[in-house]
Amino acid sequence: MALTALRRRRQDAALPALRWMPWVAALALLLRGVSASAGDAAGDAAIEIVPGRVELDGPFERVQLLVRAAGAEPRLAADLSRECRYVSADPAVAEVSPAGVVSARGEGVTRIDVERGSTRASVEVAVTGLAAARVDFERDVLPVITRAGCNAGSCHASQYGKGGFVLSVMAFDPALDHTAIAVSSRGRRIDADHPAGSLLLQKATGNVPHGGGLRIAADTPDHRLLAAWIGAGAPGPGPAPVAVTGLAVEPAARVGAAGSAQQLRVVATYADGRRRDVTAWTRFDAIDEGVVRVSPEGLATPHGRGQGGVMARFGGEAAVATFVVPYEGAPDMAARLADLASGHPLDALAAAKFAELGLPPSPPCDDATVLRRAFLDATGALPTPEETRAFLASADPEKRVRLVDELLGLTGDPARDRHLDRRAAWQTLRWADLIRNNSAVVGESGMWALHNWLRESFRTAKPFDRFVTELVTARGSVFSSGPANYFRIANNPADLAESTAQLFLGTRLQCAKCHHHPYERMGQDDYYGFAAFFARVATKGSAEFGIFGGETIVVVRDSGEVSHPRTGAVAAPAALDGTAAPGDAEDRRVALARWMTSPGNDLFARNVVNRTVASLLGRGLVEPVDDLRSTNPPSNAAMMELLVAELRSAGFDLRRLERFIMTSRLYALSSQPLEANAADDRFYSHAAVKRLPAEALLDAIDDVTLVRTKHPGLPAGTRAIELPDAAAAGTNPFLVTFGKPKRASVCECERSPDENLAQALHTLNGDILAAKVADGAGRVAKLVAAGTPPEACVEELWVAALCRPPTEAERAEALSAIALAPTPAEGLQDLLWALLNSKHFLFVR
Amino acid sequence: MDRPSPAPGRATRRSLLAGALGGLPVAAALPALEALANGGAAGRDVSCIFIWTQGGTSHHDTLDPKPRASSGVRGPLGVVSTAVPGVVFSELCPRLARELGRYSLLRSWNPRNAGHGVADHWCMSGRNVNPTIVYPCVGSVVAHQHGFKSALPPFIQLGSHVDRSSNGGLPGVLGLEHGAFEVHADPAADAFSVRDITPPLGMEMTRIDRRRGILERLDRLQRAADLQPAAFDALDEHYKTAFTMITAPQTRAAFDIAAEPAGLRDDYGRTQFGQRLILARRLVEAGVRFVTVSDPGWDHHTDCFAGLKGRMPAVDQGIPALLADLAARGLLERTLVVWMTDFGRTPKINPAIGRDHWASAGFVVMAGAGVPGGLVLGETDADGGAPKSHEYATESVVATIYHKLGLPLDLTVTAADGRPVRLLEGEPIREWL
C-alpha cells in the first residue's frame, strides 16, 4: 500500500510539467493533425455520421450514432457525438436520445437530423420486424441480464448465488440460466399474465427489497424487452442458437487530450453473418483507470496521460478501444530522441512510441552501469573486479556489443564464451521456478533429473521450440528422463493444460475450467479441448530400484478421454485457436507440440518474447507477463511484432533475442527518471530498477565479502543461483526473507520484486550480513592483513560491490569514515556494510 | 490495492430468519459475567492474540469431554466442573474450567477438514485451500489494512509452528510485505534475543549509529537528483522504519521479557508457551496489532493421554493467566484472544491409544473485545462426533475475527496478476458480536 501511495505521489509530482514545447511541432507532424481541434472553435467544420444508414430490425433494437469531424482519420478525429442536437423526422417511426441513441417506434423509413452549430447532416433510418417480433432468450434476454450485472461473479453468479437465485457467470450456460429464471422455485420468478409484476422485474426495479438495488428501471426498453419475453411465456434457448463470432468497437483507437470524451459504438457479428449494434448491452470496463474512464453507456473519458484502453464485452466476445493521451513532453525532446537514433530497429520503434506519447527518454547510462546491468541480467552474477577494470579501461568502441556476446556465449570462441555455466544456471533457476521443480513433489532423483536436463538444455542453447517440445512430449523413467517429471508436477489433464497454456502460451485457462473466460473468447469447450491433449498420459510404478525405489514411468496409453463437465460429452483435442488436432494415430501431445511451436501460432513466440523483455527491461510489453489476450494489448504492439519476427528468424535461439535487446540503446538508458518521464512505468522511457533476486543477491554478497554461504547437501562453492531444489526457499533465512519462490505456482509473480521491511531489517541488522562483513577470512580482513593503504581499500570495495571506482566525494567520505572508527578494520567493515546496504548495490539500476 | 468500503447493512431474508431464531437459548451461559465482558468494542484499535496449537488438540480430552460415553470414546480422563453450572471439562483443564467466566467456548465448530496444512491455511484465512490463489491470513490482512501502530511491525508470529505446506499463515495475494515478522527464539530461555531486531554479534548502539551515518551519507552521494525511481523511495521508507524499529527503546523494551516481574512470569508458567503468551501481551501493549502464538506437538495419533498430560498443563496455566493479566490491565476490552487448533479428533480411541484427525467437530475459544465471558455455545452429539446445535464453520470464526478487528467482511483486493480477490465469504458468529 505504501508503495502504491508512493508511486501515485510520484505521478502527481510529474504532472505539472513544462508548458513550453518546441518539440510539439515535430510531434504534430508525426501525428498529422492531432492539434486540429484548436482551429475548430467555430464548430462549422463538416461532420460525418457513423453508421451511414440505420437499420432497426425488431422493437427493442437500438443504434448508437457517432458524429465526428468529416475527413479526419478516425483515431485523430474529435468526437462530436455529445455536442450535437438530434431530431427525428418522424418520431412515430424512430426516436433518438440526446446521446444519439436511435430506437424503434413503428415500422417505416425516416431520417435523423444532426445539428452542430451551423453544420447539419442526416442519416436515414429503416425500422422493420416489429409485427413478427420474437424475443429470443439467448440473443435478447441474456444480454440484458448480463449488462445489468445480475450474473456478475459477486452477485447471482457467485457460488451459491444470492437468495437462492443462481445464474451462470456472464451467461455462459443459457440452459441453466433459463431454468433458474423461468422454472426453478416453481416458476415463482416470472408471471406470464402480469409480466411487470414478475418477481424478476420487481426485484430488478427495486420495487421489492433487492440486495443488488435497482438494476433495470421500469419503462426502459430493456424492461419492456424482459416483460415482452415473460408475456410470451418466457421461451428457453432455441435448439440452434446463432452465436456471436466477432465484436468490433468503434473507434478502435483514439489519440487525444485529457478530457476529450469519446462515445464508443460496438457492433457484433453473428455466425449467420448478421451485424448488430449492441452498444446498449455491452459491458464497458477501463483497462487502465489511470488513463481513461468509461461510463456504463460507453462514453470514454481520458483523464490521465499515457496509453489506456476500454474493454467492451458482449456475448462471450471482447474487443478493446485504445486511447493515447500524450504527455506534455520536454523542451529537449528532440535531443532525447536523437540519443536513440542508432539504426537499431528496436530503438526506432521505441523512439516512435516516445514521440507519439510525448515522453522523453532518459539519457544513456555510463559504461559501468551497463556492465553491471548486463552481467546481472545475463548471468545473475556481478563481474569480478578484474573484469570491471578491464571493461572500463577498454577503448574499444564496440566493447558493449563484445560484452553482450561474451555474456551470452555468442562469440564463437570457446575461450571467450566463459560465462556459459553461470548463464545456464541462471536460466535454469528461472525456468525451474516456473516449471516448479521441487523434490517434495518429484523426489530427490526426479528433481535432479529435471534439473540436469534444464542445465544441459540451457548450456547447449537448445532452441526454445525444441526445449518445449521435449518437455511436453516427454515420457519414460522420471529418474532418467528429466522432462518426464513435468507430468508428475502437474499430474492430470486439467492441471497440465493450465500450466502448459500459462507457461508457454501466456494464456490463463483457469477461468474457463468452470465458466466462460470473462475477458476473452475462451470458454469451457476450449479448456476441455486443450486438456484432451493430456488425456492419455499416465504414470506407472516401477520396481527397478526396489519396491520402495520410487521410480515412476511416464507412459502414453491408447485410451483415456476428458469429458466436458456440463454436457458430459467427450472433448476432442483442440488447440486454443479452435483448430482440431488430427486423430489418435500418434501421441496427442506430439500434435500439441507441433501446433504450439508452429508458425501459425503466435502465442508461443509472443509469450517467450514477453517474458524475455520483462526480465531485461523490467516490465513485459504485456503485463502480467503470462496474460496475453486481445483485451490486454502490448504497450508497444510494433515492438512485439518486431521481436517475434526476430526470435523466429533466430530459430528460437533465446540468446539471439537477448542479444538483439541488449545491444539496443533502449536497454542502456539511464534509470534516473526525468521530471517529464517519471510517471511512466510502461514504455521503458527510463530503465527500471530491479532489486537483485534473492539468490543473486546472496551470491553477490558472497562475492563481495569473499565469504561463501555453504548450502546444505551441496558441494562447497555451490552458488545460490545453482540451487536445484525449492527446499532452500523454506530453510535458508536469507533466501526466505528475500522471497526465493517455493515453486508452488506457475506464475512469475510468485517471485515478489517488492522490497519489504523484513528485508531491510535483515540486511541492516541481520547476523548473516554482519558476520560476512566481519569474517576473519573475508575481504576486509584480507585487505587489512595485506597492509593495503586506505585509498586502495576503498577503491577495491567500490569496484567489488558497485562495479565502479568511487567518485571523489565518495572517496573522501569513505576515508573519513575509516578515520573515525576505532580501528581501520572496523572502519572498513562499517564501510562495506554501508555499501552492501546501499541502493547501488541492492539494485540492478 | 483497492480498499472498498464495507457493505451497507441490509436485511436479507437469511438475516431476518437468523433474527427470529436468535431467541433460542444457547447451551449454557453465565449471565452476570456475560454482561460484564460485553463492554468491549470492535474496530481498528482492537488487537488480537491468536493462539494456534498445531496438530489438532483433542476436543474430547480437553473442553468437550463425554463422561457418559462408552469407555472406547470417553477415555481414561476424569472431568472437573467449571464456573458455568452443568458444564464440565476434562481433568487436564482445571484452571480453564475455573476461569470460564472470562471467555466463550464454541463446542459446535465444524472444521470440515481433517488435513494438517490445509487447517493452517483455512483457520488463519477463513478460506479453504485453492491451488490458484493463496488467501492471506488475518494477521496479514490487518497489516495491509491498518498498517503500523507504533515502531513495531503490525503482525508478529511467535514460534515457527505454523504449517506452511498449504501456504497457511502467509500474506498470499497481499505480498511479502504484509507477512508476519517471525520470532522463533524461545522467550523462556535466558539468552532470548530476536533475530534482525536485536543487534547482531553483540554490536554496540554507537556502532550501529555510526554505520547508519555512513549509509545515509553514501546514499546522498549516490543520489543523482531529488527525483529517484519509485522502488528507491520504497526502500527509503522501509529503511527508516527498520532503523526506528531497531533503535527505538520501545522495541527493545517490548522484547525485553526479563523486565516482567518474576512473579507474573511464574503465573503464566515458565514454559515456552507461557512465556510466548506474556511476550504477546507485551507486544500488544507496544502497538503490535496481531500476534500469532504457535505451539507444536498436538498431533496425538498415539498415546494421546500421555501426550496431552505433557502439553496441556502449559496451556491450562497460560491462557487463564493471560486473560487475567489483560483484564487487570484493562486491555481485555480491546484485545481479542482466540485459541484454535487444526480440527477435532476421532471419538473412538485407536489401538495405539491415540485419536486420529476428525473433520466434523472441534472447539474454538474466544475472549475479549466484547466476546461474552462464560458462554458455552453449541454442543456436540453423545460421542462428540458432530455439532448438534449452533453449528459454525471456520468461515464464521474468521469472519468474527475480521469483525472484531474492524476489517470489512466483503474486503476485496487486487492480486498481483490483476484479479480482484474477495478475501472472505462468511458471516460472524452472532452470539459473540
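The crossing of α9(A) and α10(A) is right-handed, a crossing being right-handed if the near helix is turned clockwise from the far one by less than a right angle, and left-handed if anticlockwise. The model is predicted: local features need pLDDT of at least 70, side-chain atom pairs count only at pLDDT 80 or more, and totals for chains, interfaces and linings use all residues. Residues are numbered from 1 along each chain as its sequence is written, while chains are lettered from A and ligands numbered from 1 in the order in which they are written.

The axes of α9 (residues 367–379) and α10 (residues 385–393) of chain A come within 10 Å and cross at roughly 140°. Axes are lines fitted to C-alpha atoms, for helices over the stretch in contact, with angles from 0 to 180 degrees between N-to-C directions. Helices are DSSP runs of H or I with at least four residues, numbered from the N terminus. In this pairing, A:Asp367, A:Ala368 and A:Leu371 of α9(A) meet A:Thr388, A:Phe391 and A:Leu392 of α10(A); contact requires C-beta atoms, placed from the backbone, within 7 Å.

Helix α8 (residues 345–357) of chain A has 13 residues and reaches 19 Å from its first C-alpha to its last, close to the 18 Å expected at 1.5 Å a residue, that span being 1.5 Å times one less than the number of residues. Just after α8(A), A:Gly358 takes a positive phi of about 65°.

Between the chains, the contact takes 54 residues from chain A and 51 residues from chain B. On the chain B side, α8(B) gives the most, with 14 residues.

Notes
Two residues are in contact if their C-beta atoms, placed from the backbone, lie within 7 Å. Helices (H or I, at least four residues) and strands (E, at least two) are DSSP runs, numbered from the N terminus.
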